[in-house]
Number of protein chains: 2
Amino acid sequence: MRAIDSVRTADDLQALVERFFRATFSTDNPVITEAVKRMLAAGGKRLRPRITLLAAEACGGKAIEHLHLAAYMELIHVATLIHDDVVDNAATRRGVNATAVDYGNRVSVLAGDYLFAWIFKNVTLNYPHPIPNVLSATLADICDGEVLQLQALGNLDLPLDTYVEIARKKTASLFAASAQCGATMGGGNATEVAALRDFGECFGIAFQMKDDLLDMTADERSLGKPAGNDLTERKTTIPLIAALASGGGRFRAQVRRFYDTAANDAIPAIVDGIEREGGLAATRAQIGRFVERAKSALEPIAARAAKRELIRLTEALQS
Amino acid sequence: MRAIDSVRTADDLQALVERFFRATFSTDNPVITEAVKRMLAAGGKRLRPRITLLAAEACGGKAIEHLHLAAYMELIHVATLIHDDVVDNAATRRGVNATAVDYGNRVSVLAGDYLFAWIFKNVTLNYPHPIPNVLSATLADICDGEVLQLQALGNLDLPLDTYVEIARKKTASLFAASAQCGATMGGGNATEVAALRDFGECFGIAFQMKDDLLDMTADERSLGKPAGNDLTERKTTIPLIAALASGGGRFRAQVRRFYDTAANDAIPAIVDGIEREGGLAATRAQIGRFVERAKSALEPIAARAAKRELIRLTEALQS
């Protein structure tokens with residue numbers, strides 16, 4: 001048993017993915033290759049590819065044989081980030097030389113499109129049904145979720161169920177696909193593949209909730225972006241939803257005033273209000289629920305080291 | 001023979017495609033469905049789907065059975081136009097309410113991404129190899145060609161070969177894929193499929209050259225955009241390349257000055273210069289060459305009505 005239980009730890013897998021990207025990533029277009037390499041060099045925890053590789057090993061496969069598949073998961077994520085940056089550039093580089101902004105936007109839109117196309121070109125050539133279908137359906141879900149999120153901006157009455165549905169589409173769908181495809185290619189049977197997809201989806205929802213929480217509790221240096229950024233963008237995150245649900249009219253009026261005036265110096269007071277109204281505690285409780293669901297989803301999976309690593313990654317969302 | 005030779009004319013096929021879009025087009029996201037429907041309602045000659053259907057019929061298939069496939073070809077084109085508009089919005093709506101511009105850009109980027117993903121999701125589910133691979137490789141070519149075109153902006157020394165390579169990627173690849181996929185699904189053998197792909201590529205290059213020519217010779221109303229727009233954007237089009245190749249240093253200096261000063265009132269003089277230096281005549285000659293190559297490519301195809309329609313569409317590029 002020990003001999004085939006050859007899983008690396010999740011940290012080893014991160015290093016494996018990094019080396020793979022540095023050694024092999026290249027497309028036919030040098031400008032786009034460079035843009036993508038810059039994004040990859042900017043770092044990241046590589047959670048999606050790690051989950052793909054762990055899912056493959058959890059079903060008896062070997063991580064080393066599925067590095068390309070794992071890399072495509074990260075690259076789908078990178079392509080969506082490149083397109084997110086188009087919008088961010090438009091918002092934050094205002095006033096700067098307009099031609100540079102336009103040229104940047106053009107290349108960013110095209111680089112993201114090219115990367116999606118390049119991934120699908122490789123996946124349709126090298127992977128059996130349903131892998132190409134899962135990946136394209138996942139990208140559709142991500143975009144669908146992002147549009148739903150845009151429509152929910154500034155909505156103080158967003159139901160928790162709708163929040164979870166948006167998180168499921170824009171964030172959890174790619175974790176679900178990463179686990180599902182890893183399990184499929186790792187030789188998992190139908191039960192194992194469904195269990196790992198279910199695991200990925202619950203993990204991804206908890207991951208998004210943790211991300212919402214960190215935006216309010218971590219400092220700018222560890223986030224890599226200003227704290228309270230979600231509030232600046234009027235995103236209806238779960239700490240805010242929970243605080244509004246339990247809070248009184250005064251807190252609601254305070255948030256409404258902040259949205260109306262866009263006064264960023266009011267953010268610390270809003271965060272204090274969210275904590276006072278129980279929004280952070282309620283978010284931690286919800287994360288706990290989805291962490292438990294993710295772990296339960298793994299019940300049909302055999303007790304290999306990879307399963308233990310998946311559980312460890314999941315429990316880390318509660319820290 | 002006459003009984004199976006049941007092809008509609010290309011104009012009938014355009015109406016068929018239009019009715020199909022109006023009756024059936026819908027995605028799971030209402031905002032994106034609406035954005036795409038607006039683009040479809042803005043018109044278009046539907047050349048790509050018409051070529052798909054004609055290629056299917058040229059190989060003995062029935063157009064009516066391949067409307068979905070044909071529609072995907074137009075929708076890939078629409079998705080690339082939606083992303084082109086992101087850039088155009090950024091350039092032309094400057095000074096307008098910034099939030100509206102940002103919101104517009106966000107939805108445009110996401111709508112284009114979603115449409116690509118939605119097409120691939122359907123194609124990977126419903127079409128055999130190599131159709132999904134051809135379509136994703138085509139999208140990669142289109143983006144690659146557009147990046148190459150961006151890099152060539154303002155380049156007065158662009159070789160004609162490089163121009164043709166850019167046109168092949170950004171424009172002709174989708175015509176080639178439209179013809180190839182129509183032929184494949186219409187039951188064409190390997191020779192017929194290769195012949196129709198070759199036809200589509202030559203047609204597409206001639207189409208791009210004609211587009212360049214019209215930008216200088218047609219009026220704003222028939223173009224749906226300002227005449228001389230390519231010059232404003234510093235695109236190195238074939239009439240300009242040909243005029244620079246045969247023209248003297250004075251003409252080159254005039255174009256360089258125009259690029260340096262961005263004085264749009266100089267455009268009529270530049271167009272006059274291009275005509276005087278033989279750029280329009282040389283472009284017409286190059287269109288004629290690719291029209292002949294497109295027609296030659298059809299030689300292995302049986303003499304059905306669909307083949308005659310493809311030839312008619314091709315010869316129309318010379319008018």
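Predicted model: local features only at pLDDT ≥ 70, side-chain atom pairs only at ≥ 80, totals over all residues.
Let me start with one residue, M73(B), whose place is in helix α4 of chain B, where helices are DSSP runs of H or I of at least four residues, strands are runs of E of at least two, and both are numbered from the N terminus. Residues are numbered from 1 along each chain as its sequence is written, and chains are lettered from A and ligands numbered from 1 in the order in which they are written.

Is M73(B) buried or exposed? M73(B) is buried, with 28 other C-beta atoms within 10 Å; the term buried is used for 20 or more such atoms, exposed for 12 or fewer, and partly exposed for what lies in between, with C-beta atoms placed from the backbone. If we leave out residues up to four places away in sequence, M73(B) touches R48(B), P49(B), T52(B), L174(B) and S178(B), and here a contact requires that the C-beta atoms, placed from the backbone, lie within 7 Å. G145(B), by comparison, is 72 residues from M73(B) in sequence and 18 Å from it in space, C-alpha to C-alpha.

Now to chain A as a whole. Chain A has 15 helices and 0 strands, and buried residues make up 50% of its 319 residues. Among the contacts in chain A between residues at least 6 apart in sequence, 74% join residues at least 24 apart.

The crossing of α11(A) and α14(A) is right-handed, which is the name used if the near helix is turned clockwise from the far one by less than a right angle, anticlockwise being left-handed. On the α11(A) side the contact is made by I238(A), P239(A), L240(A), A242(A) and A243(A), and on the α14(A) side by G279(A), L280(A), A282(A), T283(A) and Q286(A). These residues divide into 7 nonpolar, 3 polar and no charged, where Ala, Val, Leu, Ile, Met, Phe, Trp, Tyr, Cys and Pro are nonpolar, Asp, Glu, Lys and Arg are charged, and the others, Gly among them, are polar.

In the second pair, the axes of helix α8 (residues 190-217) of chain A and α14(A) come within 8 Å and cross at roughly 160°, so α8(A) and α14(A) are roughly antiparallel to each other. The crossing of α8(A) and α14(A) is left-handed, and by class their contact has 15 nonpolar, 3 polar and 4 charged residues.

Next, some backbone details. Most residues other than glycine have a negative phi, and most peptide bonds are trans. A cis peptide bond joins H129(A) and P130(A), with omega about 5°, and P130(A) is found in the loop between α5 (98-126) and α6 (131-152) of chain A. In chain B, the peptide bond from H129(B) to P130(B) is cis too, with omega near 5°. R46(A), in the loop between α2 (30-41) and α3 (47-58) of chain A, has a positive phi near 55° and counts as buried, with 25 C-beta neighbours inside 10 Å. R234(B) also has a positive phi, of about 65°, but R234(B) is partly exposed, with 16 other C-beta atoms within 10 Å.

Finally, how do the chains meet? In the interface, 38 residues of chain B are in contact with 38 residues of chain A, and α5(B) gives the most to the chain B side, with 16 residues. That side divides into 23 nonpolar, 7 polar and 8 charged residues. Because 100% of the interface residues of chain B are also interface residues in chain A, the copies meet through the same surface.

How values were computed: Contact = placed C-beta atoms within 7 Å. Axes fitted to C-alpha atoms, helices over the stretch in contact; angles between N-to-C directions. Parallel < 35°, antiparallel > 145°, perpendicular 65-115°, else oblique.
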